[in-house]
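Subject: Structure handover

Hello,

Please find the structure below, followed by notes on what was found in it.

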Amino acid sequence: MNASIHGDAQSRPVRRSFDTDGPGQTARVGRRLAAWLAPGDTVQVSGDLGAGKTCFIQGICAGLDITEPVTSPTFTLVNEYYGQSGQSGQPGQPGQLGRVPVAHFDLYRLDDPESVLDLGLEEYLDTCVCLVEWGDKFPGIMPSDAVTVNIEIGAGTRRTLEIAGGSELVSDLEAAVR
């Protein structure tokens, strides 16, 4: 894994907050984060219902050149977007080529870690960029080096994104909110 995304083994992740003024800017931060991601990286996104988790993940997917619709897998639990093969996790829908394969999880409806493991999370971790909504429900099974994003609802469409990851990554994301 890229040390600049996660930091080195001796350092703690850098944590910084960013204010965005609407969905476009929230997605733009996600798109900027995508430039740093490669298979084997995990981004854990948390926040209340309606905070913008899926909007942020749509930005990441756009930055990874996924052109098919990206929706939260609330009922399917995981959507797959295959960057190299052009296949999609949606039956009957051809996918578009993206830069890397993506596994997008929504753990909101799950109650125990065993349910998450039954989805095959561990198999995706090494081969895909894993984007996990509500991963904070299961800290014991999330990768310890995951980039974490917590989104808080502000007034109107404003959001505060608290992001923890390697110092170079976090510093670079500041440019997306300027």
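Helix α3 covers residues 53–63, and nine of its 11 residues are buried, so the rest of the structure largely encloses this helix. Please keep in mind that this is a predicted model. The buried positions in α3 are K53, T54, C55, F56, I57, G59, I60, C61 and G63. What lies over them? The cover includes helix α2 (23–34) together with the strands β2 (42–47), β4, β5 (129–133), β6 (147–153) and β7 (159–165). Just after the helix, D65 has a positive phi of about 65 degrees.

Strand β2, part of that cover, contains Q44. Is Q44 buried or exposed? Its relative accessibility is 11%; the limit for buried is under 20%, so Q44 counts as buried. Leaving out residues up to four places away in sequence, Q44 touches V132, G135, D136, M142, V147, T148 and V149.

On the chain as a whole, there are six helices and seven strands. Their order along the sequence is α-β-α-β-α-β-β-α-α-β-β-β-α. The protein chain has 178 residues, of which 48% are buried.

Next, the charged pairs. Side chains of opposite charge can pair when their charged atoms come close. How many salt bridges does the structure hold? There are two salt bridges.

One of them pairs E162 with R15, with 3.2 Å between the closest N and O atoms. E162 belongs to strand β7 and R15 to strand β1 (residues 14–20), so this pair ties together parts that are 147 residues apart in sequence. E162 is partly exposed, at a relative accessible area of 27%, whereas R15 is exposed, at 55%.

The salt bridge between D172 and R32 has its closest N and O atoms 2.8 Å apart. Because D172 sits in helix α6 (residues 167–173) and R32 in helix α2, the pair ties together parts that are 140 residues apart in sequence. D172 is partly exposed, with a relative accessible area of 21%. R32 also counts as partly exposed, at 32% relative accessibility. Helix α2, which holds R32, is also among the elements that cover the buried residues of α3.

Last, the surface. Which residues form the negative patch? The patch is made up of D111, D112, E114 and D118. Within it, D112 is placed in the loop between β4 (102–106) and α4 (113–118). D112 has a relative accessibility of 32% and therefore counts as partly exposed. Strand β4, on one side of that loop, is another of the elements that cover the buried residues of α3.

To recap for your notes: α3 is largely enclosed by the rest of the structure, the two salt bridges are E162 with R15 and D172 with R32, and the negative surface patch includes D112.

Regards

Methods: Residues are numbered from 1 along each chain as its sequence is written. This is a predicted model: local features need pLDDT of at least 70, side-chain atom pairs count only at pLDDT 80 or more; totals for chains, interfaces and linings use all residues. Side-chain values use heavy atoms; hydrogens and water are left out. Patches are made of residues with over 30% relative accessible area and no salt bridge: like charges are joined within 9 Å, nonpolar side chains (Val, Leu, Ile, Met, Phe, Trp, Tyr) within 5 Å. Accessible areas come from the Shrake-Rupley method with a 1.4 Å probe; for residues, only the protein chains shown count as cover. A salt bridge is a side-chain nitrogen of Lys or Arg within 4 Å of a carboxyl oxygen of Asp or Glu. Lys and Arg count as positive and Asp and Glu as negative; His and the chain ends are not counted. The place of a charge is taken as NZ of Lys, CZ of Arg, CG of Asp or CD of Glu. Helices (H or I, at least four residues) and strands (E, at least two) are DSSP runs, numbered from the N terminus. Buried means under 20% relative accessible area, exposed over 50%, partly exposed in between (1.4 Å probe, protein chains only). Contact means heavy atoms within 4.5 Å.
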